[in-house]
Amino acid sequence: MRTVSIPAGWPATEEQARAVQDELRTKVVLDEPGPPPGTGHVTGVDVAYDDERDVVAAAAVVLDAATLDVVAEATAVGRISFPYVPGLLAFREIPTVMAALEALPCPPGLVVCDGYGLAHPRRFGLAGHLGVLTGLPTIGVAKNPFTFTYDDPPTPRGSASPLLAGTEEVGRALRTREAVKPVFVSVGHRVNLDNACAHTLALTPQYRLPETTRRADSLCRTALKEATVALRPGDLGGPRP
């Protein structure tokens, strides 16, 4: 497990964070299809928090896209790097998530975030932010539609309906299990929406949520528990922003 300090110059205010979003959002690539589903590696990232101890743990789990077997995994732990502000959650998660990705012994391939890409009030959620900073193809698969609207997709698995901001399609509500609440898919970086949905279906052979998310969620919770059990004052270093 890697221990992560808050990066020097990390945004400390909402105004600074939004300025960073505005700058990085212009670098999102939306005209690439992304890797074909079921090929190469696909990596799930997720985080878990202990707000009382000011600790966040991140996990990255690499799966073989064809078999969904675990290829590699890594974790990182650090101090929470930004206060809770809706629409700016990436600033709480990015340093530890990137550290977990950097600790992997193999290329991650497509990265699947438990959250949003374009389906974000400022069109730049965690998936977009992470994709621009790493250069990796990324998608967001979220459990709820945030502030956006959608019509309930038809009952069969694989059915989808647009996730809308007014008349703009920012993602899709995708049914990954028959008659079960959909997930909400949006592109992050270097992947198109059709391919993002195809990857999501390939990653959900049994459950509503992608195997990448399920496994990363379990691993980051374990990492957080291990980190906080032995935590001593000053162990994680660095002042809060």
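**Helix 1**

I started with the burial pattern of helix 1, and its buried residues are Ala-17, Gln-21 and Leu-24. I then looked down the helix axis: these buried residues fall within an arc of 75°, so they line one face of helix 1. A reminder to myself before going on: this is a predicted model.

Next I asked what covers the buried residues of helix 1. The cover includes helix 2 (90-102) and helix 3 (126-134).

I also checked the length of helix 1, which takes in residues 14-25, 12 residues in total. From its first C-alpha to its last it reaches 16 Å, close to the 16 Å expected at 1.5 Å a residue.

I turned to the strands and wrote down their order. Nine strands form an open sheet, arranged 1-4-3-2-5-6-9-8-7, and the pairing is mixed. Which strands stand at the edges? I found strand 1 (2-4) and strand 7 (160-165) there, each with a single partner strand, so one side of each is left without a neighbour in the sheet. From one strand to the next, I noted a twist that averages 30°.

As a background note, strands of a sheet pair through backbone hydrogen bonds, either parallel or antiparallel.

**The whole chain**

Stepping back, I counted five helices and nine strands in the protein chain. Reading along the sequence, I wrote the pattern as β-α-β-β-β-α-β-α-β-β-β-β-α-α. The radius of gyration is 17 Å, close to the 18 Å that the globule rule gives for 241 residues, so the chain is as compact as a globular protein of that length. I noted the span of the C-alpha trace along its principal axes too, about 50 × 40 × 30 Å.

Two last entries on packing. Of the 241 residues, 51% count as buried. Taking contacts between residues at least 6 apart in sequence, I found that 67% join residues at least 24 apart.

Conventions: Residues numbered from 1 in each chain as written. Predicted model: local features only at pLDDT ≥ 70, side-chain atom pairs only at ≥ 80, totals over all residues. Heavy atoms only, no water. Helix = DSSP H or I, 4+ residues; strand = E, 2+ residues; numbered from the N terminus. Expected span 1.5 Å × (residues − 1). Buried < 20%, exposed > 50% of the residue type's maximum accessible area, 1.4 Å probe, protein only. Arc of directions from axis to C-beta. Contact = heavy atoms within 4.5 Å. Pairing = 2+ DSSP bridges. Axes fitted to C-alpha atoms, helices over the stretch in contact; angles between N-to-C directions. Rg over C-alpha atoms; globule rule 2.2 N^0.38 Å.
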